[in-house]
Amino acid sequence: MKQLYKIISAAVCAVTLFSSSVSFAASGDIAGNIYYTDIKTYIYHSPITSYNIGGKTVIDAEILNWHYGFDVYWLANERKLEITDKGGEFNSLQAMSGKLVESSEGEVGTVSGPYYETDIVTTLNGEPIESYNIGGRTFIVAEAMRDFGYNVDWDADKRILTVTKPMDFYKIETDYGTIKTTSDHKRNTGYVIVERNLLLTDENYEHYDLPLRSGYTIQGPGVEDGYMKLSDAQAALNAECNLVEQTFVGHTDWVNGISYDTPRYEYYIDLKFDKADIPKPISPIEDPAPIGSPIQTSIYSYPIGLVVNGESVPMLTMVGGKEYDKSAWIVDGEIYIPTHTFAKLLGYN
């Protein structure tokens, strides 16, 4: 009986000792050590302040604001840091010059100092990302950006870690196929649905009516020219129409000597039709006052090219009697082109 008592007592003591040794990390606690490193980290085309913590690379989240193409907002009441991609791969000249990088020199692999746990919740594009406190600033783990769709590439020979966007970082689904891009072409704007056929004007300023399958066009804000569905144009011309994807490598040179290549996708509309089959509009009509229904939605404004019967044709709109280059619109998944561009294919304005 006495032996059993000793065993139970020993077990209780062991549990007590184990329980007293368990602790949970709290904000401000030392999370680990920062090590001197010769690794350089780039966001797009510019170096950024980075450190090595236990084999992971952390970058200064707060300096991402503007200089590296992100918006960074501090919500004090919520203890939250929001990082949002502005779209594209922008770097400021200050960032590209390297002047924004805080360097610390020391023997590679030796301890530079501690980093700390933080109660600040850091998000990237709306989702939480691993972060730490270094010198009172918030740092995020660069390798974790892979989980958010970014490329994180390691060049062992140059000892460089580079964060970029894949060519299909953004995807825009359309009725003619998927458009893949590294830039966010989404914009919030109002437009008006004009429930009438296409109104054409000849050189004598007489008006003609061309029936459209959908029965409407859309009008952008202000004096912006109207737009029509690409599918309406295809049907009216009895045309063959395809969205063609091709790869393009753009080269950028800056006055400070920095240069780089940027691969991306480009798209054009390949439109083929027999000019003999161009529809004849209805007899001259009076110019009806447009009656529109205002709609608020997200529109993608994307610079799609236009090739008609094998020849490149500019995508043009007319404002104030002058022609301007214009992007196509993608509204609710359907591609729209300027009505002025289509009218010119028919020989009208």
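In the hairpin of S26 and S27, Asn309 takes a positive phi near 50°. The hairpin has 2 residues between its strands. S26 covers residues 305–308, and S27 covers residues 311–312. Strands here are DSSP runs of E, at least two residues long, and helices are runs of H or I of at least four, both numbered from the N terminus. S26 and S27 pair in the antiparallel sense over 2 bridges; two strands count as paired if DSSP finds at least two bridges between them. Val308 stands opposite Glu311 in S27.

This is a predicted model, in which local features need pLDDT of at least 70, side-chain atom pairs count only at pLDDT 80 or more, and totals for chains, interfaces and linings use all residues. Residues are numbered from 1 along each chain as its sequence is written, and side-chain values use heavy atoms, with hydrogens and water left out.

S26 also pairs with strand S23 (residues 259–272). That pairing is parallel and runs over 4 bridges. Leu306 in S26 is the bridge partner of Ile269.

Elsewhere, 4 strands form an open sheet with mixed pairing, in the order S6-S7-S9-S10. Strands S6 (70–75) and S10 (127–128) stand at the edges with a single partner strand each, so one side of each is left without a neighbour in the sheet. S9 (residues 121–124) runs antiparallel to S10, joined by 2 bridges. Thr123 stands opposite Pro128 in S10.

The structure holds 11 aromatic pairs. Rings of Phe, Tyr and Trp (its six-membered ring) pair if their centres lie within 6.5 Å; planes under 30 degrees apart are stacked, over 60 edge-to-face, and the rest tilted. Tyr44 and Phe70 form a stacked pair, 6.4 Å centre to centre with 5° between the planes. Tyr44 lies in the loop between S2 (40–43) and S3 (46–48) and Phe70 in S6, so the pair ties together parts 26 residues apart in sequence.

The largest pocket has a volume of about 570 Å³. A pocket is an open set of points on a 1 Å grid over the protein atoms alone, where a 1.4 Å probe fits, with protein on both sides within 12 Å along at least five of seven lines; lining residues have an atom within 4 Å of a point. The volume is the space filled by probe spheres set on the points, which are joined across faces, edges and corners. Of the 25 lining residues, Arg196, Leu199, Asp225, Thr339 and Asn349 are the closest to the centre. S18 gives the most to the lining, with 4 residues.
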